[in-house]
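Work through these exercises with the model open. Each task is followed by a stepwise solution.

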Amino acid sequence: MKPRRRREMNMSKETFYVTTPIYYPSDRLHIGHAYTTTAADSIARFKEMQGYDTMFLTGSDEHGQKIERRAAEAGEEPQQYVDKIVATFLDLWQRLGIEYDQFIRTTDENHQRVVQKIFQKLYDQGDIYLDKYEGWYCTPCESYWQERQVSEEEVCPDCGRPLEWVAEESYFFKMSKYADRLLEHIKEHPDFIQPESRRNEMISFIESGLDDLSVSRTTFDWGIECPVNEDHVIYVWIDALSNYITAMGFLSNEEKFNHYWPADIHLVGKDILRFHTIIWPSILMALELPLPKQVFGHGWLLTETGKMSKSVGNVVDPLELIEDFGRDAIRYFLLREVQFGSDGTYSTEALIQRINSDLANDLGNLLNRTVSMVEQYFSAVVPAPAAELEVDRDLKETARETRERVAEELEGLHFTTALEELWQFVRRCNKYIDQTRPWILGRDENKQERLGTILYNLLAGLRQIAVMLKPFLVDTPEKIGRQIGAQQNIRRADWEDLADWQALRPGSRVDKGEALFPRIDLDEYFQQKQESSRQKEQEEEQEEKKKESGEPDNLISFREFKKLELKIARVVRAERISGSDNLLKLIVDLGQEQRQLVAGLAGHYSEEELQDREIVIVANLEPAEIFGVTSQGMLLAAEDEDGSLALLQPETRVEPGSPIS
Ligand code: MSP
């Protein structure tokens with residue numbers, strides 16, 4: 001998969017490798033999924049600013065029975081089915097400004113090959129053996145339950161849906177063998193599992209005893225074939241968890257692998273923490289590989305009606321939110337609202353509240369007031385600072401403390417507190433305006449130097465804010481930069497550039513733009529939403545009625561038909577288009593003008609046969625780029641069932657450009 005951000009591996013830099021889980025393409029992603037990815041993106045951006053060779057991996061987990069079934073329901077091949085859904089993931093990440101370095105799919109050839117090698121190695125060394133599995137299985141959760149864990153209702157203890165009783169031959173991984181070593185590792189490395197409370201949960205789980213793990217299936221086919229027995233496919237956890245090392249070149253590119261592994265952080269939701277802190281480290285131990293430095297289990301993003309689920313109908317669509325509020329507002333909300341580690345609630349009211357108070361009021365007003373004053377008092381030119389007073393020194397000192405605290409909080413993945421610290425500085429800058437009262441100095445010609453110093457400090461404070469925002473938000477830092485005349489400076493700035501308070505050049509120009517975050521009226525927003533959903537419903541109803549009435553649904557009105565401009569054109573010459581077997585470029589004469597069209601005629605007509613022919617074209621079609629050639633219209637031809645083509649042409653010769661009506 002093409003990365004959003006292409007960077008070379010840099011052997012001389014220290015690495016920072018962060019991962020999100022790979023997502024199931026069984027559905028569209030919701031805002032809860034976007035939560036982990038935004039957090040990972042934020043920490044990766046921060047580490048990059050600190051000068052690390054950063055690797056941010058995300059991807060899709062594409063095998064399993066659930067996907068096989070859904071594909072069958074959709075009447076598609078599993079690969080075709082997952083390809084379509086994975087395309088929606090990539091679109092969402094792009095819209096949200098997620099700049100991953102690599103996107104792994106478990107259907108990638110390299111991944112499949114290396115997973116087979118891993119399975120083979122564990123089998124050869126006696127860590128995988130054949131046995132029989134019998135027990136309860138939850139297909140939606142892809143998890144097995146022991147009899148003692150299941151109540152009389154025979155439903156999944158996690159999701160409450162009906163379980164299936166399965167009995168099958170299966171390969172098992174000797175996980176129990178690694179339990180003691182794992183426990184020791186967890187106890188000796190307090191940072192390995194975070195947050196603390198979840199670490200204790202995992203310790204008690206291991207202490208209660210670990211069973212060996214079933215790692216193959218015979219009940220479905222959509223998976224990586226077992227290298228030691230073609231009747232089995234490798235079950236989800238060896239396949240999915242291994243993505244973190246196969247993507248880094250394990251057993252395929254040792255230089256890359258040694259450079260990036262072990263991962264610094266695996267970010268995962270609390271529901272899959274167990275797999276990442278028990279199964280995954282055991283597999284790594286068996287492979288004699290170092291363990292990741294940390295696995296962080298964050299909480300759930302819930303809605304007011306509980307956990308998001310399609311059947312409850314409370315799934316929050318991130319695309320709709322991005323469309324309505326912009327990606328930076330969503331990113332800010334996700335990182336600011338919920339303590340990373342705890343559960344939190346999404347509500348549109350809370351989102352709008354954050355936009356209005358933090359983004360529009362605190363930050364937007366600071367920028368707006370500052371730039372307006374520079375325009376008013378210094379004709380939009382950044383003034384030079386002069387002698388400092390105590391209040392200025394205090395502002396600078398607060399900026400220094402803020403950048404230290406923000407960095408410290410980010411290191412610990414405390415996004416909420418990091419943003420809180422940053423906002424205290426935003427408010428401090430607003431307070432500086434109230435303390436220094438530039439509007440009063442503005443009335444006094446002798447106070448220009450002092451006024452200039454104050455406004456310079458405000459611009460410098462805004463530059464600090466914009467640079468500190470770079471790990472969190474993607475558009476706002478440069479938008480601030482554009483307004484304070486420092487766009488390039490902010491684009492290039494690293495974390496250490498914050499040390500330079502005076503990086504803004506006096507003499508450059510500020511440029512007041514649109515409000516960073518317009519205020520949103522809660523009632524109006526909901527009214528509009530209601531209105532548009534009512535309209536949508538009506539349209540759907542009409543559509544439905546049309547269908548029921550048996551009326552063809554592709555009728556166009558006479559007005560629509562009149563829009564179509566059909567004309568006679570004479571082919572001046574035809575040429576082949578390099579790189580394509582069936583396309584030709586035609587230069588056609590339309591009387592008043594010549595145009596170029598791209599048409600799929602090669603193989604049906606030779607270039608010579610076409611020359612001087614009169615044809616019919618749609619002259620007012622939007623131009624399109626085809627194989628790097630612009631096509632300014634479309635010719636008309638008939639195609640019969642066996643694929644032969646016949647060009648439409650006038651019965652007698654007419655003037656090129658003649659309209660057809
Ligand atoms: N495919 C497995 C992960 C394999 S990793 C080797 C999987 N996929 S998932 O698509 O179901 O979930 C991916 C991640 O999204 C998980 O970390 C899960 O916790 C997270 N979330 C799903 N819904 C969520 C919320 N409502 N809130 C926060 N995170 C949630 O599990």
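This is a predicted model: local features need pLDDT of at least 70, side-chain atom pairs count only at pLDDT 80 or more; totals for chains, interfaces and linings use all residues.

**Exercise 1. The ligand and its backbone contacts**

Solution. 

Step 1. List the neighbours. The ligand is surrounded by 21 residues. The closest are Ile22, Asp61, Gly269, Asp271 and Leu301.

Step 2. Sort the shell by type. Eleven residues are nonpolar, eight are polar and two are charged.

Step 3. Assign the shell to elements. S1, helix H1 (31-49), helix H7 (236-241), helix H8 (243-246) and S12 each give at least two residues. S1 provides the largest share, three residues.

**Exercise 2. Two aromatic pairs**

Task: Classify the ring pairs Tyr23 with Phe89 and Trp261 with Trp280, and place each in the chain.

Solution. 

Step 1. A pair of aromatic rings is described by the distance of the centres and the angle of the planes.

Step 2. Set the rule. Centres must lie within 6.5 Å, and planes over 60 degrees apart count as edge-to-face. The count by this rule is 24 aromatic pairs.

Step 3. Apply the rule to Tyr23 and Phe89. Their centres are 6.5 Å apart and their planes stand at 85 degrees, so this pair is edge-to-face.

Step 4. Tyr23 is in strand S1 (residues 15-23) and Phe89 is in helix H3 (residues 78-95), so the pair ties together parts 66 residues apart in sequence.

Step 5. Check burial. Tyr23 has 6% relative accessibility and counts as buried. Phe89 has 0% and counts as buried too.

Step 6. Turn to Trp261 and Trp280. The centres are 6.2 Å apart, the planes are at 75 degrees, and the pair is edge-to-face.

Step 7. Trp261 is in the loop between helix H9 (254-260) and strand S12 (265-269), and Trp280 is in helix H10 (residues 273-286), so the pair ties together parts 19 residues apart in sequence. Both Trp261 and Trp280 are buried.

Step 8. Widen the view. Tyr17, Tyr244, Phe250, Phe257, Trp261 and Trp280 are linked by ring pairs into a cluster.

**Exercise 3. A charge over rings**

Task: Over which rings does Arg217 lie?

Solution. 

Step 1. Look at Tyr133. The charged end of Arg217 sits over this ring, 6.0 Å from its centre.

Step 2. Look at Tyr235. Arg217 lies over its face, at 4.1 Å from the ring centre.

**Exercise 4. Backbone geometry**

Task: Locate two cis peptide bonds and two residues with positive phi.

Solution. 

Step 1. Inspect the bond from Gln194 to Pro195. The bond is cis, with omega near -5 degrees. Pro195 is in the loop between S7 and helix H6 (196-207).

Step 2. Inspect the bond between Trp261 and Pro262. This bond is also cis, with omega about 5 degrees. Pro262 belongs to the loop between H9 and S12.

Step 3. Read phi at Ser379. The value is near 45 degrees, positive in a residue other than glycine. Ser379 is in the loop between helix H13 (348-378) and helix H14 (390-411). Its relative accessible area is 53%, so Ser379 is exposed.

Step 4. Read phi at Leu413. The value is near 60 degrees, again positive in a residue other than glycine. Leu413 is in the loop between H14 and helix H15 (415-436). At 0% relative accessibility, Leu413 counts as buried.

**Exercise 5. A helix and its cover**

Task: Why is helix H12 described as largely enclosed?

Solution. 

Step 1. Name the buried residues of H12. They are Asp328, Ala329, Ile330, Arg331, Tyr332, Phe333, Leu334, Leu335 and Arg336.

Step 2. Nine of the eleven residues of H12 (residues 327-337) are buried, so the helix is largely enclosed by the rest of the structure.

Definitions and conventions: Residues are numbered from 1 along each chain as its sequence is written. Side-chain values use heavy atoms; hydrogens and water are left out. Rings of Phe, Tyr and Trp (its six-membered ring) pair if their centres lie within 6.5 Å; planes under 30 degrees apart count as stacked, over 60 as edge-to-face and the rest as tilted. Helices (H or I, at least four residues) and strands (E, at least two) are DSSP runs, numbered from the N terminus. Buried means under 20% relative accessible area, exposed over 50%, partly exposed in between (1.4 Å probe, protein chains only). A charge sits over a ring if NZ of Lys or CZ of Arg is within 6 Å of the ring centre and within 35 degrees of the ring normal. A residue is near a molecule or strand if one of its heavy atoms lies within 4 Å of it. Ala, Val, Leu, Ile, Met, Phe, Trp, Tyr, Cys and Pro count as nonpolar, Asp, Glu, Lys and Arg as charged, and the others, Gly among them, as polar.
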